[in-house]
Amino acid sequence: QVQLVESGGGLVQPGGSLRLSCAASGSAFSIYDIGWHRQAPGKQRELVAGITSGGNTNYADSVKGRFTISRDNAKNTVYLQMNTLKPEDTAVYYCNAVPPRYYDPQDYWGQGTQVTVSS
C-alpha cells in the first residue's frame with residue numbers, strides 16, 4: 001500500500017507561484033505513475049498534470065506553460081511547480097498514485113491541499 005501526503009498549498013496573489021509536494025510512503029514509489037488533480041467548488045475533479053514512472057509528462061491545456069510536474073524517486077516525492085497563478089486555479093489539489101496493474105490493482109489518493117488565488 002501507498003500513503004500520499006500533499007503539502008504546499010495556501011493563499012497567493014494572481015501572478016504568484018506555489019510549489020506543491022506529494023510525499024509517498026512505500027518502497028516501490030518509482031514504478032507508480034503520479035497525477036496531480038484538482039477540484040474547484042461545484043466542478044468535477046480534473047487531471048492537471050501527470051508523470052509516468054519513466055518520467056514522461058502531460059498537462060491539461062489550461063496549465064501548459066505555467067505548471068511543471070517533476071519527481072524525485074530518492075525522496076519518494078512528486079512536485080507541482082505552479083507559476084503565473086490565476087484565480088481560476090483555485091481548487092483543492094490532490095495527488096494520485098497509479099501502480100502497474102501486475103503489482104497492485106488499486107489507485108491511491110492523498111487528502112488534498114487547498115490552493116487559493118486571490119488578491
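Because the model is predicted, local features need pLDDT of at least 70 and side-chain atom pairs count only at pLDDT 80 or more, while totals for chains, interfaces and linings use all residues. Residues are numbered from 1 along each chain as its sequence is written, and side-chain values use heavy atoms, with hydrogens and water left out.

View 1. R71 is found in β7, residues 67-72, where strands (E, at least two residues) are DSSP runs numbered from the N terminus. R71 is buried, that is, under 20% relative accessible area, as against over 50% for exposed and in between for partly exposed (1.4 Å probe, protein chains only). A polar atom of the R71 side chain lies 3.0 Å from the backbone oxygen of F29. Residues touched by R71, not counting those up to four places away in sequence, include Y32, I51, T77 and V78, contact meaning heavy atoms within 4.5 Å.

View 2. N73 is placed in the loop between β7 and β8 and counts as partly exposed, at 31% relative accessibility. Its side chain joins that of R71 in a polar contact of 2.9 Å, a term for a pair of N or O atoms within 3.5 Å in which, within protein, one must be able to donate a hydrogen and the other to accept it, residues adjacent in sequence counting only if both atoms are side-chain atoms. Leaving aside neighbours within four places in sequence, N73 is in contact with F29 and S30.

**View 3. The largest nonpolar core.** A nonpolar core is a set of buried Ala, Val, Leu, Ile, Met, Phe, Trp, Tyr and Cys residues joined through side-chain atoms within 4.5 Å. Of the 31 residues in the largest one, W36, L80, M82 and Y93 touch the most other members. Strands that each supply at least two residues of this core include β3 (18-24), β4 (33-39), β8 (77-82) and β9 (91-98).

View 4. Two strands pair if DSSP finds at least two bridges between them. β4 and β5 run antiparallel and are joined by 5 bridges, with H37 standing opposite L47 in β5. Their hairpin has 6 residues between the strands, and G42 there takes a positive phi near 75°. β5 also pairs in the antiparallel sense with β6 (residues 57-59) over 3 bridges, and the bridge partner of I51 is T57 in β6.

View 5. The side chains of E46 and R38 meet in a salt bridge of 2.7 Å, N to O; E46 is partly exposed, with a relative accessible area of 34%, whereas R38 counts as buried at 7%. D89 and R66 form a salt bridge through their side chains (2.8 Å, N to O). D89 lies in the loop between β8 and β9 and R66 in the loop between β6 and β7, so the pair ties together parts that are 23 residues apart in sequence. Salt bridges that share partners join R38, E46, R66 and D89 into one network.

Terms used:
Helix = DSSP H or I, 4+ residues; strand = E, 2+ residues; numbered from the N terminus. Lys, Arg positive; Asp, Glu negative; His and termini not counted. Salt bridge = Lys/Arg side-chain N within 4 Å of Asp/Glu carboxyl O.
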